[in-house]
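This briefing covers helix packing, strand pairing and pockets, in that order. Please consult the sequence and the structure while reading.

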Amino acid sequence: MTSTDTPQTLVPQDSADPAAPKGAPVMLALHQTALGGPEVLRLTELPRPAPGPGPGEILVAVHAAGLNPTDFKHRAMSVFLPPPPQTLGWDVSGTVVETGFGVTLFRPGDEVFGMLPYPYGAGSHAEYVTGPTRAFAAKPAGIDHVQAAALPLAALTAWQALVETADLRAGQRVLIHAAAGGVGHLAVQIAKERGAHVTGTASAPKHDFLRELGADACIDYRSEDFTDAEEPYDVVLDTLGGETATRSVGVLRPGGVLVSLLPGSKDTRAAAEKAQVRAVVLLVEHDHAGMRAVAELVGRDRLRAHVSGTFPLAEGARAHALGETGRTTGKLVITVR
């Protein structure tokens, strides 16, 4: 299959670890042995992981795993991770199977959701995954595993950007770029819960969706210039980077905060210093307290992920191909159980 072919449903390949002891527990994983397009993904039989050898880990039977733009990037190029072989995936929702030494938060049978340590803890696009206990929180009872799996990385990113970094408060004005995307649509809800006035950029067909989430104003990035703001913003959440970050400096009031998820151009920092605003680049971190805060918002029906599509593990390549179009609303999720 070439990179221009439509990815097909995957069939299990031979074990990627022929040296694994005979009779050892195995699992299926969406695995790759080379960098490239979605076609490099293979449904592969691998040894099932176990907690440890260090303390504080749990083994989770994966029910569903979210898909994020960082998965596409790491599949295609070495960003943070070493070259393949690798199994990607940071979002996970599932059931605890086994606990390692010293674990007291969870017991086998508990339903949990969380984000594996980013970037080096990837591996949730598989039937089982291990991770540090405090990367997880109890799954909210009111949502299923698909909904839960769509939340962790994107919701933690929005929470850490708006609440912990920008200290967004009631009455402030926030601009959220790509507000209908994975991080963006959750950031809109978190900002509204904080009592902020929310403006989001998105194509016109997605404006009704944003208003349903609580957005006070919408900007069609295809036909409107977001820098034509009547009033300055206190906070900008930039999910795009590049020139968008630099241009966003100009819509902030002095003392405002620009939180970018991707690096801006070389001019961004100079522009921020001149405008007397704070400009930072955020890399999301796994966080038990943050996951509990997300779960609490979900429990009060103040936060919900929009899942625009689900794909079984064997069709993970199709999910990657769709996600890379950049046209999906909300999140894509891979279902495992």
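Helix 3 and helix 8 (residues 288-299) pack with their axes 10 Å apart, at an angle of about 100°; axes are lines fitted to C-alpha atoms, for helices over the stretch in contact, and angles run from 0 to 180 degrees between N-to-C directions. Helix 3 and helix 8 are therefore roughly perpendicular to each other, a label that covers 65 to 115 degrees, whereas angles under 35 count as roughly parallel, over 145 as roughly antiparallel and the rest as oblique. The model is predicted, with local features needing pLDDT of at least 70 and side-chain atom pairs pLDDT 80 or more, while totals for chains, interfaces and linings use all residues. Residues are numbered from 1 along each chain as its sequence is written, and side-chain values use heavy atoms, with hydrogens and water left out.

- On the side of helix 3, the contact with helix 8 is made by Pro152, Ala155, Leu156 and Trp159; contact means heavy atoms within 4.5 Å.
- Helix 8 contributes Gly290, Met291, Ala293, Val294 and Leu297 to this contact.
- The contact residues comprise 8 nonpolar, 1 polar and no charged, where Ala, Val, Leu, Ile, Met, Phe, Trp, Tyr, Cys and Pro count as nonpolar, Asp, Glu, Lys and Arg as charged, and the others, Gly among them, as polar.
- Helix 3 also lies across strand 9 (173-176), strand 12 (233-238), strand 13 and strand 14, and runs at about 155° to strand 12.
- Helices (H or I, at least four residues) and strands (E, at least two) are DSSP runs, numbered from the N terminus.

- An open sheet is formed by 6 strands in the order 11-10-9-12-13-14, with parallel pairing; two strands pair if DSSP finds at least two bridges between them.
- Its edge strands, strand 11 (217-220) and strand 14 (278-281), each pair on one side only.
- From one strand to the next, the twist averages 15°.
- Strand 13 (residues 252-260) and strand 14 are joined in the parallel sense over 4 bridges, and valine 257 has arginine 278 of strand 14 as its bridge partner.

**Antiparallel pairs**

- Strand 5 (residues 91-99) pairs with strand 3 (residues 57-67) in the antiparallel sense over 6 bridges, and serine 93 in strand 5 stands opposite alanine 64.
- Strand 5 also pairs with strand 6 (residues 111-115), antiparallel over 5 bridges; glutamate 111 in strand 6 is the bridge partner of threonine 95.

**Pockets**

- On a 1 Å grid over the protein atoms alone, a pocket is an open set of points where a 1.4 Å probe fits, with protein on both sides within 12 Å along at least five of seven lines; lining residues have an atom within 4 Å of a point.
- The volume of the largest pocket is about 1,400 Å³, a volume being the space filled by probe spheres set on the points, which are joined across faces, edges and corners.
- Of the 50 residues lining the largest pocket, Pro69, Ala178, Gly182, Thr239 and Leu240 are the closest to its centre.
- Helix 1 gives the most to this lining, with 5 residues, and the lining as a whole divides into 25 nonpolar, 17 polar and 8 charged residues.
- The second largest pocket has a volume of about 220 Å³, and its lining of 14 residues has Gln86, Thr87, Tyr120, Ala122 and Gly123 nearest the centre.
- Strand 7 supplies the largest share of the lining of the second largest pocket, 3 residues, and this lining has 10 nonpolar, 4 polar and no charged residues.
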